[in-house]
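Hello,

Here is the structure for your files. Notes on what was found in it follow below.

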Amino acid sequence: MKKFLFVPISITALISLFVFNGCLTFHKVSYVVKLTNPNEGSVTVNMFDIRSTASNNKEFDDDKKNLFQYMLKSKEFVDAQKSQGKDIVSRKLYLENGKLNGQAEYKFSDISNVEGMKYDGGFHYINLKSDDSVIATNGEIIRSQDYKRIVWDSTFTELKFTMLANPFNSKDHFRLLTPYFNQKENR
């Protein structure tokens, strides 16, 4: 029997697709990985209720620029993701129930480029820190004191998981980006 490589990642690593300077966050993130073979496929990532943690107007302006210009529209962002093995197919921001959400789709030729996922011994898996909150998955969650792992056997061609990124407690300071999103301008 093969041994699984253990390298836990945190939720901050999972959300690396859209977090640029650490000041953007969101409530939850979901991944749908569609496999064309065990190591290749495409991913749809959805980020729900995107907000800024900026403490001043300069940081907030930077967050708006990073989200609305760099991540949503620039070729530089696509090139940066490509260098990480993520070939961006589409990206968009949209409003739903008064919240700003984002979606990105990308192709990959190495499953490890999908937030550190692995394929070994007929199983796909992702290692997470024990305090990361998995809201939903179509895989099996295995827990230990130090980490949790989501595992899918080789019969799965679609790997799904949703994680809580930030519960947005009322005591925390978050700035809404919704008022600054222009749907017509940002298509």
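Two strands are taken to pair if DSSP finds at least two bridges between them. By that rule, and bearing in mind that this is a predicted model, 4 strands make up an open sheet with antiparallel pairing, in the order E7-E8-E11-E10. The edges are strand E7 (118–120) and strand E10 (140–143); each has a single partner strand, so one side of each has no neighbour in the sheet. On average, and ignoring direction, neighbouring strands of this sheet are turned by 30 degrees against each other.

Asp120 is opposite Phe123 in E8.

The other item is helix H2 (residues 57–73). With 17 residues at 1.5 Å a residue, H2 should span 24 Å, and the 22 Å between its end C-alpha atoms agrees with that. H2 does have a kink of about 35 degrees, centred on Asn66. At the start of H2, a side-chain oxygen of Asn56 comes to within 3.1 Å of the backbone nitrogen of Lys58.

Asn66 is also one of the buried residues of H2, which include Phe60, Asp63, Lys64, Leu67, Phe68, Met71 and Leu72. Residues three or four places apart in an α-helix point the same way, because there are 3.6 residues a turn. The cover over the buried residues of H2 includes helix H3 (75–82) and several strands, among them E1 (24–25), E4 (51–52), E5 (87–96), E6 (99–108) and E13 (175–176).

Regards

Notes:
Residues are numbered from 1 along each chain as its sequence is written. This is a predicted model: local features need pLDDT of at least 70, side-chain atom pairs count only at pLDDT 80 or more; totals for chains, interfaces and linings use all residues. Side-chain values use heavy atoms; hydrogens and water are left out. Helices (H or I, at least four residues) and strands (E, at least two) are DSSP runs, numbered from the N terminus. The expected span of a helix is 1.5 Å times one less than its number of residues. The bend at a residue is the angle between axes fitted to the seven residues ending there and the seven starting there. Buried means under 20% relative accessible area, exposed over 50%, partly exposed in between (1.4 Å probe, protein chains only). Contact means heavy atoms within 4.5 Å. A polar contact is a pair of N or O atoms within 3.5 Å; within protein, one must be able to donate a hydrogen and the other to accept it, and residues adjacent in sequence count only if both atoms are side-chain atoms. Axes are lines fitted to C-alpha atoms, for helices over the stretch in contact, and angles run from 0 to 180 degrees between N-to-C directions.
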